[in-house]
Amino acid sequence: MDLSAPLAWLVDEASASPEPDRFLSELGGRLVADGLPLAGGALTLAIPHPIIARRTWLWRSETGVVIESLGFAGAVSDRAGEEWLAGLGPTLDQSTGAGTDRATLGWAGIRPFDAGEMARLRDVARFAAAPLAALAERAALAALLDAYLGRRSAARVRAGSLTRGTGETIRAALLYADLRNFTALSETSEPAVVIAALDAWFDRLAGAIHAFGGEVLKFIGDGVLAIFPVSGSPREACDAALHAVAAARAGMAHLGKIRQAEGLPPLSFGVALHLGDVFWGNIGAADRLDFTAIGPAVNLVSRLEGLCRPLGRSVLISGAVADATSTPLLPLGDHPLRGIAAPCAVFTLPDA
């Protein structure tokens, strides 16, 4: 079968494209080299994700640059690709596949496409259906793994790290936090009210953690374990964790005002910070695995958070973090921690 260079690429090589942006850039470049008068292209895939409904990649022929646009669930418009292409020139939109495999591939021309060029682009859409279905499946799997496992664990699963007992040691600032009086809330409220409260709490805390470069490792009931990996100096990781705590406190204060206006009590919480090594890896039964964090540092930060109520503080910070940061802290003395051999030097924020 005598195929043009772009169609031969779609048959022989395109399914191996690592990401949709590379696929669009490669395909667009090959079509231009084959004589098609393209100003740009757009590729849209439906993505199963809690908040993202669609991902659209936009390619500009003049520069070869690809940018991405996210379409959120419930958004008024899902025509990001069409609208962007319309600003470049005359457009041609095509759909490939069906259902969850459906993709939209659009092109803008530097001039109107003639009948022969439109026929060639229709052939491109037909030949692109199979590689785009493979790309959509990989993108969907990546989105689901990220949503349910987190970035670090998802990356390990995609890389094939599925052997029980394997993992990695991470030097990081650790954050452990949980809600106060959650048991009483869950016993006196309808399940929908409890879930709404948990979601609001996790939104504020996880949002603050991610905003400052941290990663949530685990949701544990009403608690959260997160890390800020040390990639440069320990001070950078500790300062990032402290900034995240400040942002979470501000978010929860705002949430408290909203709940007060609705006649609901505020959600109080405690949070602890520590600097140390955490082992993050696979544990579980032979046929049911989970990623979890273990090690003395994890034990210490969880025990330290347990001192928040006895000490009447919402934020407690270990001596290891205090030694690494220049943020002004208030010393609270050395305190024994259950299950920890040596007393821990404990600090707090002046207003916490």
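**Note on the helix packing and selected residues of the model**

1. Leu 7 touches Asp 123, Val 124 and Phe 127, leaving aside residues up to four places away in sequence; contact here means heavy atoms within 4.5 Å. Leu 7 belongs to helix 1. Helices (H or I, at least four residues) and strands (E, at least two) are DSSP runs, numbered from the N terminus. Leu 7 is buried, with a relative accessible area of 11%. The classes are buried under 20% relative accessible area, exposed over 50% and partly exposed in between, with a 1.4 Å probe and protein chains only. Between the C-alpha atoms of Leu 7 and Leu 31 the distance is 9.2 Å, with 24 residues separating them in sequence.

2. This is a predicted model, in which local features need pLDDT of at least 70 and side-chain atom pairs count only at pLDDT 80 or more, while totals for chains, interfaces and linings use all residues. Residues are numbered from 1 along each chain as its sequence is written, and side-chain values use heavy atoms, with hydrogens and water left out.

3. As to confidence, pLDDT is the predictor's confidence in each residue, from 0 to 100. The protein has an average pLDDT of 89, and 96% of the residues score at least 70. Confidence is lowest in helix 5 (residues 151-158), at a mean of 77, and highest in strand 11 (residues 315-318), at 97. Where pLDDT is low, the predicted coordinates should not be read in detail.

4. Helix 1 (residues 5-12) and helix 2 (residues 20-33) have axes that come within 8 Å and cross at roughly 155°. That makes helix 1 roughly antiparallel to helix 2. Axes are lines fitted to C-alpha atoms, for helices over the stretch in contact, and angles run from 0 to 180 degrees between N-to-C directions. Angles under 35 degrees count as roughly parallel, over 145 as roughly antiparallel, 65 to 115 as roughly perpendicular and the rest as oblique. Pro 6, Trp 9 and Leu 10 of helix 1 meet Phe 23, Glu 26, Leu 27, Arg 30 and Leu 31 of helix 2. These contact residues comprise six nonpolar, no polar and two charged. Ala, Val, Leu, Ile, Met, Phe, Trp, Tyr, Cys and Pro count as nonpolar, Asp, Glu, Lys and Arg as charged, and the others, Gly among them, as polar.

5. The axes of helix 2 and helix 4 come within 12 Å, crossing at roughly 160°. Helix 2 and helix 4 are therefore roughly antiparallel to each other. On the side of helix 2 the contact is made by Pro 20, Phe 23, Leu 27 and Leu 31, and on the side of helix 4 by Leu 121, Val 124, Ala 128, Pro 131, Leu 132 and Leu 135. The contact of helix 2 with helix 4 has 10 nonpolar residues, with no polar and no charged ones.

6. In helix 5, the buried residues are Arg 152, Ser 153, Ala 154 and Arg 156. Among the elements that cover them are helix 4 (115-149), strand 6 (167-179) and strand 9 (269-285). Just after helix 5, Gly 160 takes a positive phi of about 90°.

7. Two further residues may be noted. Asn 181, in the loop between strand 6 and helix 6 (182-188), has a phi near 60°, a positive value in a residue other than glycine. Ala 211, in helix 7 (residues 191-211), is exposed, with a relative accessible area of 60%. The C-alpha atoms of Ala 211 and His 243 are separated by 9.3 Å, the two residues being 32 residues apart along the chain.
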